Amino acid sequence: MMRTLRWIVFAVAAIAMNFPVIVTLITSFKSAREISSNAGLWINAPTLSNYLSVLTDTTRFNIWLYLFNSTMAALIGTLLAMALTFPAAYAIARSETGRRVLFPMVVNLRAVPLIIFAIPLYMMYQWLGLLDTRVGLGLILTIVNIPLALVIFVNAIADVPVELDEAAKVDGASTLATLRRVIWPVVRPAMLTSFIFGFITAWNEFLFGLMLTTSKAVPMTVGASFFFAASGGGVNWGTASAVMIIGALPPAVIGLMMYKQIFGSMTAGAVKG
Amino acid sequence: MQLVNRGEGRLFLSPLVIFLLLFLGFPAIVNLVYSISTVTFETLRAPELSGYGNYLDVLSDRYFWQASWFSLRFGIITALAECLIGLFLAIFLNPLLGKRPYLMAPLMLPLMVAPAMVGLMYRLVLHEFAGPVPYYLWMWFGDSPAFLDADNAFRTLVVIETLQWTPFAFLLFHTAYSAIPSDVREAAALDGARGWTLLTKIELPLIKPTLIIAFFIRFIDGFRVFDNIYALTGAGAGGSTTSLSIYIYQAFFKQGAIGKAVAASVVLFIASLVVLYALTALGSRRKEKTR
């Protein structure tokens, strides 16, 4: 009895939380005619035509460009954040330097509304010619990713026994060599976590994509909204749904494949941060 | 043994520090300067200092307070709802999930989808002709509310935000609840504590730190909400869905009121520092207590 009730609650929660995705997925397989006659949750004649037209009609849709932009900007934003925070995390975990001021400041960045920095960054980008570039967007996504990457690395390095470093030092390894030869291999799982997490976060970012790009470097989240900009006629819900599914797919697939890794770090990052 | 000496430590920190100074420190200074200047898009490079007029403009703007009120209410209500539902799910579904970890996947999926995408998807879900929700409401009840008009938009957005982010609170609570050592439960059971008593007297106090942290994280994220609202309503509905983030965005990009937007940013920055300070103070008090 109680068991059945638990299953029912689980099913209701899972469906309610994923409802927009479910609806969009179903709609993406409907023909335009069916959408206008049947807005319900079943399909009479499923079709792939929406996906085909979105992916192949490159004169009308720029989806490949958006996908490419999102991938490149997210890669820059993730890898750069990791490169910047990894040595810093070592210093923070293994010495007093940076622990008192820098670490809490960076961690708290997560709680600061980034819109605060958006306007001066926009002006800065205008001066530097970085508006509407993938590199420019990637640099901002780095900022978004830095707090969590730092927390993950500091936690991971703090979990490595100090004796390992000491042994390397005794054998005459420099700090940099210790970092590369001893710490790096041990914290590799944390690297993967940081990468997955950063990539998803960066891919899903919207505000800076909206502000700092206009055409060449538009990421998927912003590009998807272009499909709703009804010019004259109404929205083509079939193609718009296909676009939304394609845009939501990469982070969802990566996230679901790696959910065990993410699971631990998400809670660790949140609780310890 | 000195593993990292001072010089090396600084060297290791320097790339991060330089990057932060460039991308956050510099903008912060620009914000401060512009907020006390008269500036238009034409005079960007030569702002003319003019005192605190921008701040007066912002603080006397009815829409600024409307947006602040929206953000505050939205943050508190959604954080509360997410934590309550998340806590319920974490505890009620624990016997189910403990043995079947794969059941976590559908409950985590919403966290992987971009809030902006979710906002767009709800345009479809709630659309009066193409969306299933109005479709079924019409079919079953012969009527469907206008989910996104000025009266209903707030409630609709609260539900959407809650549905997407309850998994986050749930995840934290699930981890904390599962991490309660079994001997604690056994000891409590020996003393005759079970069911409701066990929950309220033993288990909830044990995961209280996580409850507080989850609430604050969700409050902060709700307070600064932008993506899903912007994607769903375009901040329309007569300004009834304008959060502070959207207010700043619009002041700058739609009205070109640079001074006002920048002054609002500084006000928001100070407000978030106050919240952070309170949070940290709360955290350190908790640590002292447990010592």
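The model is predicted, with local features requiring pLDDT of at least 70 and side-chain atom pairs counting only at pLDDT 80 or more, while totals for chains, interfaces and linings use all residues. Residues are numbered from 1 along each chain as its sequence is written, chains are lettered from A in the order in which they are written, and side-chain values use heavy atoms, without hydrogens and water.

Chain A contains 15 helices and 0 strands, assigned as DSSP runs (helices H or I, at least four residues; strands E, at least two) and numbered from the N terminus. Along the principal axes, the C-alpha atoms of chain A fill a box of roughly 75 × 65 × 30 Å. Of the 273 residues in chain A, 58% are buried (under 20% relative accessible area, with exposed over 50% and partly exposed in between; 1.4 Å probe, protein chains only). Among contacts in chain A (heavy atoms within 4.5 Å) with a separation of 6 or more, 73% join residues 24 or more positions apart.

The contact between the chains takes 97 residues from chain A and 95 residues from chain B. About 8,900 Å² is buried between chain A and chain B, and carbon and sulfur atoms give 81% of this area; buried area is the accessible area (1.4 Å probe) that two parts lose on being put together, summed over both. On the chain A side, the residues that lose the most area to chain B are A:Arg6, A:Phe10 and A:Met17, together 8% of what that side buries.

A:Leu102, A:Val106 and A:Leu109 of α6(A) make the contact with B:Leu13, B:Leu16, B:Val17, B:Leu20 and B:Leu24 of α1(B).

A:Pro113 lies in the loop between α6 and α7 (115-128) of chain A. With 4% relative accessibility, A:Pro113 counts as buried. Beyond its neighbours within four places in sequence, A:Pro113 is in contact with B:Arg224, B:Leu268 and B:Ser272.

In chain B, helix α5 (residues 104-112) is largely enclosed by the rest of the structure, because 8 of its 9 residues are buried.
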